[in-house]
Amino acid sequence: MKKNLLLFFSIAVSTLLNTISAQTFQLTGNPVVTTGWDLVSAATVSTDFVRLTADQTSQFGAIKLSDPINLKYCDRWKVEFDFRIDGNGTTSYGRGDGLTFWYLSNPPTSFTSGGGLGIPANANGLMVAFDIFNNSTEGQMSKVHVLYGTNNLPAGNPNIEYNTTANSTFHSNDLNPTQPFVGANYKHVEVNGETDPNNINNWIIQIRIDGVLINTPNQSFAPSGGAIGMTTGYFGFSSATGAASARQSIKNVKIFVDKVPIFTNTISPYVCLNPSTGNGAVDLTSYANQFVNNPGNYNISYFVTGSGTPIANPSNFQYSGPTNITVVVSDPSSTLCDNGDGRIVLDPQPFEATDATLTECNNNNAGVGIFNLDDAAVTTVTGVTKHFYPTLAALNAGTNEILNWNAYPAANGATVYVQVTTPQGCVDNAKITLNHYPTVTVTDALLRTCAIETNPSTGSFNLTIASVTPQTGTVKEYYPSLTDAINETNQITTTNPYIAPSGVVYVRVINSNGCYGVAKITLEVIPPTYSTVLQDKVICFEDKTTLDAGSGFNGYEWSNGETTQTISNVGVGTYWVKLKTGDCWATQTVKVFPSEQPVVNYVEISNNTIIVNVAGGTPTYQYSLDNINWQDSNEFKNIARGEYTIFIKDAYDCEPMQVIVTVPNLINVITPNADGVNDYIDYSALGNKQNLVFNVYDRYGAKLHQGDKTNQYRWDGTANGRKVPTGSYWYSVTWTENNKNRTPVKFSGWIVVKNRE
């Protein structure tokens, strides 16, 4: 180390305060951020490193923290950095002088000479130097020097290289053969400090270069000189070149001070002196949560500032005037350093409660507001006790105390009084004026809507369009009942569309103050209006008709697209019309039915008479054999043998229905004597008819013969192979005509049989 010139340099780093595990000061970035640090003399930032000295003689540079660090309560700390010493040096002395990391109570603030390695003469604190110049041989070396004391030896020309104060210094061997300090590459340094558990005044210092421990393991250093009792100092770095020269640089600086983090350093709670005693008492522990979360996780001590004796009963600290309290927060696990930066400033002031005003809602114009009297800002002092009274006289007498102070009903402009007592016993009174916010103006409303066609007892309402208040900026909530609106229960969430029958809902109208009024909304479903004129019709299937929806409607929309009151030329079918009344439409269906055609149940033929039996349709019926001449009677007489078409129509006079009927040969006498004349009755001509049945009965109704295909529908006057006696017999012939209506026909009569014995 060249001793005749010292240049001192201090590194500026950015500060990350009060992290959960440590307080870290850094010098990082590109370019290096130096906020929170002071650059001294030749020190300058160059990209990602700080150059302490240029490769010139007589250089001095330093960098130090702008604010001191109190290690009084710190059990451990750590410093990491990289350094590089390079350059050409001088012909006479080569490269020099080296650089130093330090924690000093009196760091350099400008160019400093003397002391070597940039360390000022008489500097007090911890110094860790990296020396490259041997002042004895004036040659190159790489040694580490440690001094925990005062840089004042040798007297008159102090130089850490020669300071050998017992238990306060360390000097390494020359590391040039294994770890030379000079070179193009950076070397990484770690300096760890912690309180010696065997002697709390000492520090155990361990120094590593590129991971290699340099000094004696767990070496304890005792403070000497001005370092004894030192608790506050500045971290920093310095270097000098003297008569030699070198570029000396550092980067990636991190200083870890593991300290219990606190929220704030100083609090100033309100305190007062009890006028009856002139003293005050305060629970200092009640402020602990303003310094740390979960105070129970820490050991917290309280001291009158300047005193080293802890306050014995901090929960009831007595004072008589302004007093400052030092708060020391300790980590029970000793993982973090104690934090003694906390201050409680007790500055007693006369206590005065101030009058206040509370404003609440006169909800739904009930005439009263509900007040929480404790909300009145009558004091900013914490921990006070309040008692509320309806009058000042009641307060002074201590009677009629208001017990429902958190829900106190009061009219607009009412007043109450409060007696406020501080934790120190100071008392004052205040008046609280109780005002109402402006009432929310609401009016009942009516909503009318058209009935829903698929459920005409209900309508689709838009509740939000009900005009219930002239006030703007309100919020509306809708409820099925008044009770629900007041209690805010069963809120209607779907307000458009709101499907409901005629009835009422209630709307809670809320203004910007949170006050509300309740209005009733009457819901009216407009029933559908139908035509009384438009009725179902019955027409002949082939006919057309006119449908009339009647007058008095505002609009018509027929299913065939017509928009008139009537539609014409309408045949059988189903139709609908939309009828408009006001703004509502009602759909009405009308049917045009085909008239029911009469049906021939059966036809009776008796001798020369045809009787037509008809059902269905709409009487009266008319009958015709030629579709021209019509008669009301269903009998046609004097009919000869042959095929006839019978026409039938009902009262609707529609296209007549037709039925074809065959009148068979009418035989009244047979003489079965085998002469070939009238030997039998023969209805085989009807054999092509369906369901043909031919029966012969005696006068007592006993069946004698049945004609069928086997006997060709003939009867020869025999029964069971024997001739029947001469006499009259009853016969009946039934069949179904081969027409589309399958008309049943019955032909009957008497026949005389003459058998010769």
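Welcome to the tour. Select Cys272 and Cys426: with 120 degrees about the S-S bond, their link is right-handed. The two sulfur atoms sit 2.0 Å apart and form a disulfide, a term for a pair of cysteine sulfur atoms within 2.5 Å. This pair joins distant parts of the chain, 154 residues apart: Cys272 is in the loop between β19 (266-267) and β20 (280-282), and Cys426 is in the loop between β29 (414-421) and β30 (427-436). Strands here are DSSP runs of E with at least two residues, helices are runs of H or I with at least four, and both are numbered from the N terminus. Cys272 and Cys426 are both buried; buried means under 20% relative accessible area, exposed means over 50%, and partly exposed lies in between, with a 1.4 Å probe and protein chains only.

Before moving on, please note that this is a predicted model, in which local features need pLDDT of at least 70 and side-chain atom pairs count only at pLDDT 80 or more, while totals for chains, interfaces and linings use all residues. Residues are numbered from 1 along each chain as its sequence is written, and side-chain values use heavy atoms, with hydrogens and water left out.

How many disulfides does the structure hold? There are 4. For another one, select Cys361 and Cys515, whose sulfur atoms are 2.0 Å apart. The torsion about their S-S bond is about -80 degrees, so this disulfide is left-handed. Cys361 lies in the loop between β25 (356-360) and β26 (369-371), and Cys515 in the loop between β35 (503-510) and β36 (516-526), so the link ties together parts 154 residues apart in sequence. Cys361 counts as buried at 8% relative accessibility, and Cys515 counts as buried at 2%.

Now pick Cys450 and Cys584, joined by a disulfide with an S to S distance of 2.0 Å. Its torsion is about -90 degrees, so it is left-handed. Cys450 belongs to strand β31 (residues 445-452) and Cys584 to strand β42 (residues 584-594), 134 residues apart. Is Cys584 buried or exposed? At 9% relative accessibility, Cys584 counts as buried, whereas Cys450 is partly exposed, with a relative accessible area of 24%.

**A cavity beside this link**

On a 1 Å grid over the protein atoms alone, a cavity is a set of points where a 1.4 Å probe fits but cannot get out; a pocket is an open set with protein on both sides within 12 Å along at least five of seven lines, and lining residues have an atom within 4 Å of a point. The volume of the largest cavity is about 30 Å³, where volume is the space filled by probe spheres set on the points, with grid points joined across faces, edges and corners. Strands β31 and β42 each supply at least two residues of its lining.

**The largest pocket**

Next, select Leu71, Lys72, Ile200, Asn201 and Trp203, which are the closest to the centre of the largest pocket among its 19 lining residues. The pocket holds about 400 Å³ of space. Strand β14 (residues 199-209) gives the largest share of the lining, 3 residues.

**The nonpolar cores**

Which residues touch the most other members of the largest nonpolar core? Select Trp77, Phe81, Phe130, Val144, Phe235 and Ile250, from a core of 47 residues. A nonpolar core is a set of buried Ala, Val, Leu, Ile, Met, Phe, Trp, Tyr and Cys residues joined through side-chain atoms within 4.5 Å. Strand β8 (residues 76-86) brings the largest share, 5 residues. Zoom in on Phe81, whose contacts (heavy atoms within 4.5 Å) include Phe101, Phe130, His188 and Ile250, not counting residues up to four places away in sequence. Apart from this core lies another, of 36 residues, among them Val600, Val661, Ile670 and Val753.

**Backbone stops**

Most residues other than glycine have a negative phi, and most peptide bonds are trans. To see a cis peptide bond, select Leu153 and Pro154, where omega is about -10 degrees. Pro154 is in the loop between β11 (139-150) and β12 (169-171). Another cis bond joins Asn496 and Pro497, with omega about 5 degrees.

Finish at Thr47, which has a positive phi of about 50 degrees although it is not a glycine. Thr47 sits in the loop between β4 (44-46) and β5 (49-53), and at 45% relative accessibility it counts as partly exposed.
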